[in-house]
Amino acid sequence: QVHLVESGGGLVQAGGSLNLSCAVSGRTLSSLGMGWFREAPGQVREFVAGSGLVTFYADSVKGRSTISRDSAKNTMYLHMNSLKPEDTAIYYCAAAGSGIATMAPSLYGYWGQGTQVTVSS
């Protein structure tokens with residue numbers, strides 16, 4: 001069983017940056033496809049960034065986000081800068097046991113509890 005724990009959310013001013021972490025236990029990070037998703041109030045959960053054989057990003061965060069992994073710590077990260085109020089959401093990390101990262105939430109079998117990110121204008 002894979003267990004994911006996010007951390008690093010909080011209140012950030014517009015234009016600032018944040019670093020989110022996703023600690024993975026139960027399986028080696030290198031065997032998993034990983035993704036970050038977010039869910040704003042009243043909105044559907046949307047893809048933010050993915051990490052598998054390659055990394056890829058939603059257009060809304062491309063150029064100001066970096067997804068990365070630390071195999072020694074079995075932890076995934078998301079760094080975002082130039083934050084906007086519309087980035088406000090609960091951010092979730094997700095893991096796919098297939099090892100394949102996609103933009104589709106339904107293809108991830110494991111989810112963290114989420115961490116709130118609020119960007120003030």
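Visitor: Is Tyr 92 buried or exposed, and what is its relative accessible area?

Guide: Tyr 92 is buried, because its relative accessible area is 11%, where buried means under 20%, exposed means over 50% and partly exposed covers what lies in between, for a 1.4 Å probe and protein chains only. Everything here is a predicted model, in which local features need pLDDT of at least 70 and side-chain atom pairs count only at pLDDT 80 or more, while totals for chains, interfaces and linings use all residues. Residues are numbered from 1 along each chain as its sequence is written, and side-chain values rest on heavy atoms, with hydrogens and water left out.

Let us begin with the rings. Rings of Phe, Tyr and Trp (for Trp, its six-membered ring) pair if their centres lie within 6.5 Å, and planes under 30 degrees apart count as stacked, over 60 as edge-to-face and the rest as tilted. Counted in this way, there are six aromatic pairs. In one of them the centres of Phe 47 and Phe 56 are 5.3 Å apart and the planes stand at 20 degrees, so this pair is stacked. Phe 47 counts as buried because its relative accessibility is 7%, whereas Phe 56, at 21%, counts as partly exposed.

Tyr 92 pairs with Trp 111: the ring centres are 6.4 Å apart and the planes are at 80 degrees, so the arrangement is edge-to-face. Trp 111 is partly exposed, with a relative accessible area of 28%. Both residues belong to one aromatic cluster formed by Phe 37, Phe 47, Phe 56, Tyr 92, Tyr 108 and Trp 111.

A charged side chain also meets these rings. Arg 45 lies over the face of Tyr 92, at 3.8 Å from the ring centre, and also over the face of Trp 111, at 4.7 Å from that ring's centre. A charge counts as lying over a ring if NZ of Lys or CZ of Arg is within 6 Å of the ring centre and within 35 degrees of the ring normal.

Next, consider a sheet elsewhere in the model. Strands of a sheet pair through backbone hydrogen bonds, in a parallel or an antiparallel way. Here, four strands make an open sheet in the order 1-3-8-7, with antiparallel pairing. Strand 1 (3–7) and strand 7 (65–70) stand at the edges with a single partner strand each, so one side of each has no neighbour in the sheet. Two strands pair if DSSP finds at least two bridges between them. Strand 1 and strand 3 are joined in the antiparallel sense by five bridges, and Ser 7 stands opposite Ser 21 in strand 3. Strand 3 (residues 18–25) runs antiparallel to strand 8, with six bridges between them; among the bridge partners are Ala 23 with Thr 75 and Leu 18 with Met 80.

Thr 75, in strand 8, counts as buried because its relative accessibility is 9%. Contact means heavy atoms within 4.5 Å, and, apart from residues up to four places away in sequence, Thr 75 touches Ser 21, Cys 22, Ala 23, Leu 29, Ser 68, Arg 69 and Asp 70. Asn 74 is located in the loop between strand 7 and strand 8, and has a positive phi of about 50 degrees although it is not a glycine. Asn 74 is also buried, as its relative accessible area is 16%.

Ser 82 is partly exposed, at a relative accessible area of 42%. Asp 87 has its place in the loop between strand 8 (75–80) and strand 9 (89–96), and counts as buried because its relative accessibility is 0%. Setting aside neighbours within four places in sequence, Asp 87 is in contact with Arg 38, Arg 64, Met 80, Ser 82, Val 117 and Val 119.

Definitions and conventions. Helix = DSSP H or I, 4+ residues; strand = E, 2+ residues; numbered from the N terminus.
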